[in-house]
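Dear colleague,

Please find below the structure that I am handing over to you. My notes on its contents follow directly after it.

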Amino acid sequence: MSSSAPVIAAVDGSDHSLRALEWARQAALRHGAGLLVAHVLPDASQLYTARREALSHAAAPKAYDDPVAERIRNLLAEAPELPAEVRYEALTGSVPEALRVIGSEARTLVMGSRGRGGFAALLLGSNSRAVAATARCPVVVVPHEARTAEAGPDASADRVVLGLHTAETPDDVLVFAFTEAAARGTTVQVVSAYAIPPTPLVMVDTPFAVLTPEGLADGADAVPAEREMLRAQTERLGPFRERWPAVPVVQAAVPGDAAGRLVEASRGAALVVVGRHHPRRTIRNVTIGSVAHAVLHHAHGPVAVVPTLTDDA
C-alpha cells in the first residue's frame with residue numbers, strides 16, 4: 001500500500017453509505033490521505049429506463065444526471081474540513097467487483113453495513129459482506145445507526161480493539177491496528193481467546209482478564225491457560241510496541257469465544273480490527289473467517305477486516 005493511497009468511501013445515496021462517507025472523510029484527514037468517493041451506477045437496463053424518463057420530460061436530449069453525485073457534492077461542501085484531495089468517481093458493473101478493482105490501490109475502503117433497499121432485519125448487506133471477503137485492501141464496515149445506538153454510554157470511547165490469534169493473525173492486521181491507534185492518539189486493546197478445559201467447573205462467562213504488559217508478574221491472578229495466552233500476546237506484540245512506542249497497549253485474554261468478546265468490546269471502541277481469514281488459505285478461497293463474519297454481523301461500531309496484503313499483492 002502506497003503512502004499516497006486514498007481512503008475510498010463507497011456510496012449509493014442511502015443513509016448507511018453517508019455514515020460511511022463521514023467516517024472515511026475523518027479517516028482521510030487523520031492519515032493525511034486523499035478521499036475518493038465511489039458510486040457504482042445502476043445496471044444498464046436501469047440506466048436506459050432513467051435516460052428515457054429524462055428525455056420524455058425534456059425539450060431537448062440531455063445527459064443522464066447522477067443524483068448521488070449531486071447529493072455527495074452538496075454534503076461535502078457543508079463539511080467542516082476536507083482532505084487536500086477529494087474526487088468522485090462513478091463505476092459500472094457489479095458492486096463487489098467494481099469496488100474490488102478500485103480498492104486494489106486504496107489505503108482503506110469504507111462502506112455502510114447495508115445499502116439502498118436493504119431490509120431492516122438484515123444485520124449485514126450482501127454487498128458489504130462480499131466486498132469485505134474479496135477486496136485487496138482493508139475494508140471498514142460502518143454499522144447502521146440502530147446498532148450503534150445499542151452500544152451504550154461508552155460508545156464514544158476512542159480505543160482500537162484488535163482481535164489477535166497469536167500464531168495465525170498476519171502482521172498486516174497488527175500494522176493496521178497500530179497505525180490507526182497512532183493516528184487517533186489512542187490505545188490498542190488486544191483480545192485473544194484461549195481454549196476452555198473440558199470440565200463442568202469452568203464458567204464460560206468468565207470476565208475479561210485485562211492487563212498491561214507490565215502486569216504479567218508471577219503473582220498475577222490468572223489461570224495457567226490465561227497466563228500463557230497473555231505471555232504469547234506479549235511476545236507477538238513486542239516488535240509492534242517498539243515500532244509504535246507512543247501507542248498504549250492493553251492486553252485481554254478470554255476463554256472460548258473470541259467473536260463474542262470482540263462484539264462485547266465493540267460497545268466502547270472506535271474500531272474493531274480483525275483478520276479476514278487464515279493466512280495459509282489460498283487467495284482463490286475468498287470465504288471470510290468465522291470470527292470476522294460474526295463480528296461484522298454483530299459489532300456495535302465500525303469493523304475493519306484486513307486481508308493478508310503481502311499475499312494479495
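**Findings in the predicted model**

E22 counts as partly exposed, because its relative accessibility is 33%. Please note that the model is a predicted one. E22 belongs to helix α1, which covers residues 15-31. Between the C-alpha atoms of E22 and V142 there are 9.9 Å in space, although the two are 120 residues apart in sequence.

Salt bridges come next. Side chains of opposite charge can pair when their charged atoms come close. The structure holds 9 salt bridges. One of them joins E180 and R30, with an N to O distance of 3.1 Å. Since E180 lies in helix α7 (residues 171-184) and R30 in helix α1, this pair ties together parts that are 150 residues apart in sequence. E180 is buried, at a relative accessible area of 3%, whereas R30 is partly exposed at 25%.

A further salt bridge is formed by the side chains of R236 and D171, at 2.6 Å from N to O. R236 is in helix α8 (residues 224-243) and D171 in helix α7, so the pair ties together parts that are 65 residues apart in sequence. R236 is buried, with a relative accessible area of 16%, while D171 counts as partly exposed at 44% relative accessibility.

The aromatic residues deserve a separate entry. The structure holds 2 aromatic pairs, and F178, F240 and W244 form one aromatic cluster. Charges also sit over rings: the charged end of R30 sits over the ring of W23, 5.5 Å from its centre. In the case of R73, the charged end sits over the ring of Y88, 5.2 Å from the ring centre.

Finally, I turn to the strands. Strand β9 (residues 249-255) is largely enclosed by the rest of the structure, because 6 of its 7 residues are buried. Strand β7, residues 188-194, pairs with β9 in the parallel sense over 7 bridges. Within this pairing, S192 has A253 in β9 as its bridge partner.

With kind regards

Methods: Residues are numbered from 1 along each chain as its sequence is written. This is a predicted model: local features need pLDDT of at least 70, side-chain atom pairs count only at pLDDT 80 or more; totals for chains, interfaces and linings use all residues. Side-chain values use heavy atoms; hydrogens and water are left out. Rings of Phe, Tyr and Trp (its six-membered ring) pair if their centres lie within 6.5 Å; planes under 30 degrees apart count as stacked, over 60 as edge-to-face and the rest as tilted. A charge sits over a ring if NZ of Lys or CZ of Arg is within 6 Å of the ring centre and within 35 degrees of the ring normal. Helices (H or I, at least four residues) and strands (E, at least two) are DSSP runs, numbered from the N terminus. Buried means under 20% relative accessible area, exposed over 50%, partly exposed in between (1.4 Å probe, protein chains only). Two strands pair if DSSP finds at least two bridges between them. A salt bridge is a side-chain nitrogen of Lys or Arg within 4 Å of a carboxyl oxygen of Asp or Glu.
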